[in-house]
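Trainee: I am new to this structure. Please show me how to read it, one feature at a time.
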Amino acid sequence: MSEKIIEIHIETDDVNESRRDFLKNVGIAGAATLVASPVSVEASADSANPDAETTVAELYQGHFVLMSDKDKKKAIERLEKRYTAKYGKNTTVSDAPPLEGVLFGYALDISKCIGCRRCVHACVQENNQSRDNPVIQWIQVMKIPKGNFSFSADKLNKGYPESSKVGDYGIQVGGNAYTPVGGLSTEEAQSYYSQDEMVPDKNYFYVPVQCQQCEKPPCVKACPVRATFRDPNGVVVIDYNWCIGCRMCQLACPYGARRFNWGEPNLPPEEMNPKTHYFGNRPRMRGVMEKCTFCVQRTREGRNPACLEACPVGARKFGNLLDPESDVRKILAAKKVFRFKEEMSTYPKFFYYIG
Amino acid sequence: MGKILSFAMDFGSHAIKGGPKYKAWLLFLLFFILVGSYTAYRQLTEGLILVGATDQIPMELFFGNFIFTAHVAAAAILVVAPGYFYHRKDIKELAVIGEIIAMCFVATGITFILFHMGRPDKLWHMLPGIGLPNFPNSMLVYDTIVLNVYLFLNFAGVSYILYKKYVGEFDTKALARWFTPVIYLAIVWGPLIHICTAFVLSSNARMGEWATAVLPFGFLAMAGASGPSLVILLFLLIRKNTKLQINDSVIDLMATIIGWSLGIIMLVFAAEYFTALYSNTEHAASLNYSMFGHNGLNMYTPWFWGTVGSIVCCFVAILIPKIRKSYDLWLPVVCVVVFLAILVEKPMMLVFPAFSPSPHGEYTEYHPTLIEFFNVLFTWAIGFITLTLMVKGAVGILTGEVKYHKPAASE
Ligand code: SF4
Ligand code: SF4
């Protein structure tokens with residue numbers, strides 16, 4: 001690891017780096033305990049669970065979609081009781097059904113986005129993600145160089161192979177090749193720029209990425225137990241209780257949208273959002289997958305997703321793709337719109353546009 | 001019933017009997033099982049946060065090792081097939097050892113997958129009937145089916161042959177009607193488990209390095225190299241320490257298979273690297289990262305060149321008759337190198353570097369934790385202890401040391 005890289009990692013709020021360091025420490029600490037006192041580590045996460053009854057019932061709970069209304073009600077009551085006890089807040093778990101005749105779509109104006117990442121934090125607040133060990137954020141904002149600032153006259157005739165009498169082959173290595181040109185190329189993208197960096201940096205533009213709610217989602221295809229599926233509104237959701245934690249969906253997702261609960265999630269009770277949905281922001285457990293759901297708990301009630309409300313520059317638009325009067329439809333009709341990683345043929349319902 | 005009981009008893013007591021070296025080997029494995037029980041307990045109670053995987057590299061050492069176990073398990077049919085397809089007398093006797101290898105390695109692979117799962121308690125969700133297997137879409141479902149069927153086929157084959165030999169009723173000409181189909185099915189099933197495992201990887205379009213049509217072929221070739229390496233080592237050990245006769249011709253056959261397989265591996269690598277590097281598009285990014293590093297991150301580079309180098313060297317070495325015939329020194333050395341090279345190839349060349357760049361252009365290195373490492377050793381120790389005991393018992397039966405004595409043994 002070069003010093004340059006280390007510097008970047010230390011300076012930025014590098015979520016994954018810090019987690020990895022933590023892991024290394026755990027590994028070492030684990031080894032230490034292993035030698036010193038093999039029995040002392042009893043502080044397992046299970047003791048934090050106040051409602052053993054729920055745990056037992058959940059052991060043989062079926063796939064939520066296939067459960068009878070009575071069983072669904074029971075499951076919801078169990079969860080509400082457990083969350084209320086655990087977080088000391090009167091928690092509701094809704095199972096509001098999908099809306100009729102609606103296909104949700106999202107549009108994001110990359111010319112407006114200033115990279116402040118308020119959406120990221122609003123999402124964490126709204127959706128009860130684990131704050132620490134593991135740190136889970138569903139939106140990742142890429143900072144991409146606008147391009148062209150490393151072309152130079154000095155390098156004009158540099159590079160390999162050198163030109164010969166016959167003429168140039170074109171440069172294969174070095175010279176002015178390999179210069180970032182922005183666009184939606186992730187080649188020079190950085191996701192871990194510093195928290196207190198001034199944004200926007202005029203040399204960069206910002207591209208927030210979250211689950212793109214693919215119409216043809218590879219994650220759904222890969223899931224061996226159908227724990228993740230596309231709901232009738234076109235949103236891909238997960239039954240956290242049905243997920244077996246195999247991470248096949250994470251392998252399949254071309255957008256890096258899926259997040260895994262590597263350990264018992266840490267959600268401080270005072271920050272917990274008690275208004276939840278079964279397929280959305282209810283607190284998750286260890287060893288299951290989660291990701292953006294376009295805030296099902298809000299959108300099934302006709303509200304906008306939390307990230308949209310948090311955006312200070314109005315770069316985010318949400319709506320029903322089947323309604324010609326909706327914001328998204330108007331944008332699709334009038335703006336220069338494109339999808340991220342179109343070549344993957346996943347047909348996202350998350351669109352980027354230049355406003 | 002009495003016969004079966006005495007079969008189990010005699011088999012077991014013969015399996016644990018042995019000289020001091022044998023006992024030491026068992027104790028050595030037992031040590032890792034003991035330590036591993038603790039680390040496994042930690043991981044089961046605290047979750048995968050104790051291993052090195054992250055959202056950037058969600059597959060851990062367990063996954064890499066799992067693929068390797070599939071290699072060896074699939075290759076074990078190479079011991080079974082010559083006897084049944086080509087009627088080679090010298091090897092037909094030994095088919096049961098191939099099946100034992102297959103059985104133990106599939107079981108080890110399944111254990112690795114248990115460690116890989118975030119919710120091992122919910123695995124029943126994959127069972128048809130009570131669960132909801134995503135058939136026919138999910139490749140993991142296919143893989144689970146073929147692995148379990150393979151485990152069952154080999155288990156059936158092994159128990160049948162050993163039991164029949166034990167009671168002295170095994171007659172190649174009068175095999176039970178169901179038995180021959182089972183053996184033939186197991187032989188074709190071997191490559192199948194491998195192809196399915198390759199598809200679990202190559203079905204992910206976004207994993208540039210895996211989404212290639214040569215992956216199953218590469219896997220089969222690696223199986224052909226790593227499996228027979230283990231077989232040769234095992235046969236040499238058996239030949240030296242027991243009364244079981246194993247002809248040189250068998251060892252030579254295995255050595256030939258290793259040579260051919262190493263050649264095919266090289267061809268597959270060359271085809272893959274040429275295709276990726278000639279145009280050097282984004283599909284070659286992970287490969288470039290393995291070969292040369294990226295911005296100073298170059299943890300995988302030595303592993304890459306080391307593995308490729310050892311494969312080439314072993315190929316050259318095994319072509320030399322002197323080495324191939326040096327049963328006491330050089331051949332075992334080559335076999336150990338091939339086995340280890342293909343073992344480390346899995347995590348360090350195939351799995352980890354493939355995750356860089358991530359969908360957001362991140363480059364990462366994977367650092368296994370100590371707990372993860374011990375869990376891997378734990379699983380291997382279980383696998384090898386089963387293999388050792390099974391092979392020991394089986395050799396006892398094949399040589400006739402262990403057999404059924406009518407009145408004396410049970411009553
Ligand atoms: S972006 Fe990823 S997680 Fe979201 S629907 Fe598409 S493949 Fe699935
Ligand atoms: S991690 Fe969960 S949601 Fe993802 S593929 Fe596995 S079971 Fe399905």
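Mentor: Start with the peptide bonds. This is a predicted model. The computed bond from Asn133(A) to Pro134(A) is cis, with omega near 0°. In chain A, Pro134(A) sits in the loop between H5 and S3.

Trainee: Which other peptide bond is cis, with omega near -5°?
Mentor: The one from Ser356(B) to Pro357(B). Pro357(B) belongs to chain B, in the loop between helix H14 (330–351) and helix H15 (370–399).

Trainee: How do I read backbone angles?
Mentor: Asn133(A) has one, about 45°. Asn133(A) lies in the loop between H5 and S3 of chain A. Its relative accessibility is 24%, so Asn133(A) counts as partly exposed.

Trainee: What is phi for Ser345(A), and where is that residue found?
Mentor: Phi of Ser345(A) is near 50°, a positive value, and the residue is not a glycine. Ser345(A) is in the chain A loop between strand S11 (336–338) and strand S12 (350–354). With a relative accessible area of 29%, Ser345(A) is partly exposed.

Trainee: How do I read a nonpolar core?
Mentor: Begin with the general idea. In soluble globular proteins, nonpolar side chains tend to be buried together. Now the case here. The largest nonpolar core has 167 residues.

Trainee: Which residues have the most contacts inside the largest nonpolar core?
Mentor: Ile97(B), Trp210(B) and Phe235(B). Take Phe235(B) and leave aside its neighbours within four places in sequence. Phe235(B) is then in contact with Val79(B), Leu94(B), Ile97(B), Ile246(B), Val250(B) and Ile251(B). Another core, of 52 residues, lies apart from the largest one. Its members include Trp138(A), Cys211(A), Val235(A) and Leu267(A).

Trainee: Are Arg131(A) and Glu271(A) buried or partly exposed?
Mentor: One of each. Buried means under 20% relative accessible area. Arg131(A) has 18%, so it is buried. Glu271(A) has 32% relative accessibility, so it counts as partly exposed.

Trainee: Where do Glu309(A) and Arg298(A) sit?
Mentor: Glu309(A) is in helix H9 (residues 306–310) and Arg298(A) in helix H8 (residues 296–299), both of chain A. They are 11 residues apart. Their side chains meet in a salt bridge of 3.2 Å, N to O. Glu309(A) is partly exposed at 48% relative accessible area, whereas Arg298(A) is buried at 7%.

Trainee: What is the salt bridge partner of Lys165(B)?
Mentor: Glu93(B), at 2.8 Å, N to O. Lys165(B) is in helix H7 (residues 139–166) of chain B. Glu93(B) is in the loop between helix H5 (89–92) and helix H6 (95–116), and the pair is 72 residues apart. Glu93(B) is partly exposed, with a relative accessible area of 39%. Salt bridges can also share partners: Glu126(A), Arg298(A) and Glu309(A) are joined into one network that way.

Trainee: Last, the ligands. How many residues surround ligand 1, and which are the closest?
Mentor: Ligand 1 has 13 residues around it, the closest being Cys211(A), Gln212(A), Cys214(A), Cys219(A) and Cys253(A). Its shell has 9 nonpolar, 2 polar and 2 charged residues. Around ligand 2 the shell has 8 nonpolar, 2 polar and 1 charged residues. Among the residues there are Cys223(A), Cys243(A), Cys246(A), Arg247(A) and Cys249(A).

How values were computed
Residues numbered from 1 in each chain as written. Chains lettered and ligands numbered in written order. Predicted model: local features only at pLDDT ≥ 70, side-chain atom pairs only at ≥ 80, totals over all residues. Heavy atoms only, no water. Core = buried A, V, L, I, M, F, W, Y, C linked by side-chain atoms within 4.5 Å. Buried < 20%, exposed > 50% of the residue type's maximum accessible area, 1.4 Å probe, protein only. Contact = heavy atoms within 4.5 Å. Salt bridge = Lys/Arg side-chain N within 4 Å of Asp/Glu carboxyl O. Helix = DSSP H or I, 4+ residues; strand = E, 2+ residues; numbered from the N terminus. Near = heavy atom within 4 Å. Nonpolar A, V, L, I, M, F, W, Y, C, P; charged D, E, K, R; others polar.
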